[in-house]
Amino acid sequence: MENVASPCHIRLVGQSIALHKAQMHEDVTPPEIFDRHRRRSLRERAHKRTGDMFLWNHIAQDLTERLSAVTRVFEHALIIGPIARWQADILPPNMRYTLATLREDGTGDNCVIVLDEDRLPYAQGSFDLVISAGTLDSVNDLPGALIQIRRILRPDGLFLGHMFGAGTLSTLKSMFLESDAERVAAHIHPQIDLRSAADLIVRAGFNLPVADQDNSLVRYGDWRAIISDIRDAGVGNALSGPRAFLGKDIAARLDEIFARRADEHGKVTECYAHVHLSGWAPSENQPRPAKRGSAQVSLADVLSKDRKI
């Protein structure tokens, strides 16, 4: 199995859009697109498995690097989701933290609780660092979750987020689509694209927002190995509603499709798109972009001088 990274970046520093009536997420109750019990069941099953955790290791390493580049000293962090298992790698030593999982932990640790990202039970300004990774793509009310995260941050507190974005499992999805023929059904829930994720972090009221993406390209010799990795990571289909019967010959159909798509080495390439979000809770002492029209040098003049050299 070969893992290759491909970066893509959208920078939003200096951009900010005021929230529409700030509490807009409270006026309309979003539909329960994802089954909350099913989300937790996926994590329960993943916790019992012993497979390769390369996806979570990749996310943890990225979060560690991003946090190490921040000079600010944080006092109390909240880590949401399965990435909480990597808190010792991500956070500086001796830092106070609270772990919020999506499943019953069973450890008896007082700092571990169970919650959903769009139902945070914390008071305003409870933390100065919030990390949520790997599960935001299956939250029923993602805009509301981001607003709640911003609310529980202290002024000038930092949010680091991650989700599996659009393009994730594109090969497996297309194989299922071809296999289904006229009986098309959702086998893997859709994910949000980078541009939409960038818009959401801005709309949630974060200052200095940044959204970027990197793609992990993994080579597989069997479609069953893709499904095994999905189950190991606990990121399977969490959509509400009944599951369609795939038919007794589903394995044979997928074997045939995989064989047609495989290269000379008998492998296909699958993609895991990692969308990363970051933003700061508003504070009076934060840097602000200069006012429009306040520049002292014309860009046209600079470019014209460059052309004369």
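These are my notebook entries on a predicted model.

**Entry 1, ground rules.** I number residues from 1 along each chain as its sequence is written.

I looked up the secondary structure and found ten helices and eight strands. Helices (H or I, at least four residues) and strands (E, at least two) are DSSP runs, numbered from the N terminus. Of the 309 residues, 48% count as buried; buried means under 20% relative accessible area, exposed over 50%, and partly exposed in between (1.4 Å probe, protein chains only). I then took the contacts (heavy atoms within 4.5 Å). Among those with a separation of 6 or more, 82% join residues 24 or more positions apart.

A nonpolar core here is a set of buried Ala, Val, Leu, Ile, Met, Phe, Trp, Tyr and Cys residues joined through side-chain atoms within 4.5 Å. The largest one has 44 residues, and Ile83, Ile90, Leu91 and Leu129 touch the most other members. Helix H3 (residues 54-68) gives this core its largest share, seven residues. I also noted a second, separate core of 32 residues, which includes Phe127, Val139, Ala145 and Ala198. Back at Ile90, I listed its contacts, leaving out residues up to four places away in sequence: Ala60, Leu63, Thr64, Leu67, Ile83 and Ile131.

I checked how helix H6 (residues 170-180) packs on helix H9 (residues 250-261): the angle is about 120° and the axes are 10 Å apart. Axes are lines fitted to C-alpha atoms, for helices over the stretch in contact, and angles run from 0 to 180 degrees between N-to-C directions. H6 and H9 are therefore oblique to each other, since angles under 35 degrees count as roughly parallel, over 145 as roughly antiparallel, 65 to 115 as roughly perpendicular and the rest as oblique. From H6 the contact uses Thr171, Ser174, Met175, Phe176, Glu178 and Ser179, and from H9 it uses Ile250, Arg253, Leu254, Ile257, Phe258, Arg260 and Arg261.

I looked for positive phi in residues other than glycine. Asp156, in strand S6 (residues 153-164), has phi near 70°. Leu208 has a positive phi of about 50° and sits in strand S7 (residues 207-220). Leu208 is partly exposed, at a relative accessible area of 23%.

Definitions and conventions. This is a predicted model: local features need pLDDT of at least 70, side-chain atom pairs count only at pLDDT 80 or more; totals for chains, interfaces and linings use all residues. Side-chain values use heavy atoms; hydrogens and water are left out.
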